[in-house]
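Okay, let me share my screen and we'll walk through this one together.

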Amino acid sequence: MNAIKFFIQGIKHFKEVGTISRSSKFVSNTMTKDKYVDYKTARCIVELGAGDGPITEVLLKKMHPDAKLLCFEINDEFHEHLEAQFSHDPRITIIKDDAAKVGEYIKAAGFKEADAVLSEIPFVIIPSDEIIEQSHKYLKKGGYYVQLHYSTVARKRYERIFGNSEIDFVTLNVPPAFIHVCQKK
Ligand SMILES: C[S@@+](CC[C@H](N)C(=O)[O-])C[C@H]1O[C@@H](n2cnc3c(N)ncnc32)[C@H](O)[C@@H]1O
């Protein structure tokens, strides 16, 4: 999707999108680091709030041929774009539903839990912790939850739910990104 179309979605649906520009390749590469997803063994990877898919694209490149990606996006335009770009890949399920139902979809895909959860949902402007709590519940022990933000305002919420958090800072993005990384203990 071009930058102007993304900008329009960002302005029209700011309460869900939380930004006016898509993630840079530097953010995509950081979110998908091998340190956070063990691509050799991961068979169920979850992405929440995929937008027009900059992180989805990198995940699909790195994922094992037998792995599955459950990709949530509620926005109509972004969902349509994801379908057009990625639905040819049998490993992806593009879900136009609330990410709070993540557990339901993990089970429907035949898994007990996810190996990794990557989220770009703007929790700074979404007060409910339901999606974060559900992600924690359905993440395997030792697995990573990787969350994109543009500040550290929400950090305490992750520390309360996961008991830990680290920040991976990416300057080369507009705005610069604070990637919160939590491990399920
Ligand atoms: C900051 S944008 C991220 C877009 C893209 N992943 C990127 O990094 O450029 C957040 C996305 O989360 C989606 N979103 C917000 N709340 C959601 C929810 N409850 N379930 C699924 N997607 C949601 C929005 O529609 C938006 O596309």
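**Starting from a helix**

So, in helix α7, residues 130-137, the buried residues are I131, I132 and S135. Helices here are DSSP runs of H or I, at least four residues, strands are E runs of at least two, and both are numbered from the N terminus. Buried means 20 or more other C-beta atoms within 10 Å of the residue's own, with C-beta atoms placed from the backbone. Down the axis of α7, those buried residues fall within an arc of 100°, so they line one face of the helix; the arc is taken over directions from the helix axis to the C-beta atoms.

Before I go on: this is a predicted model, where local features need pLDDT of at least 70 and side-chain atom pairs 80 or more, while totals for chains, interfaces and linings use all residues. Numbering starts from 1 along each chain as its sequence is written.

What do the buried residues of α7 pack against? That's β1, α6 (102-108), β4, β5 (139-149) and α8 (155-162), with contact meaning backbone-placed C-beta atoms within 7 Å.

Now the sheet. It's open, 7 strands, mixed pairing, order β3-β2-β1-β4-β5-β7-β6; pairing takes at least two DSSP bridges between two strands. β3 (92-95) and β6 (166-170) are the edge strands, each pairing on one side only.

β1 (44-48) and β4 (114-119) run parallel over 4 bridges, and I45 sits opposite A116 in β4.

Note on methods. A residue is buried if 20 or more other C-beta atoms lie within 10 Å of its own, exposed if 12 or fewer, and partly exposed in between; C-beta atoms are placed from the backbone. Two residues are in contact if their C-beta atoms, placed from the backbone, lie within 7 Å.
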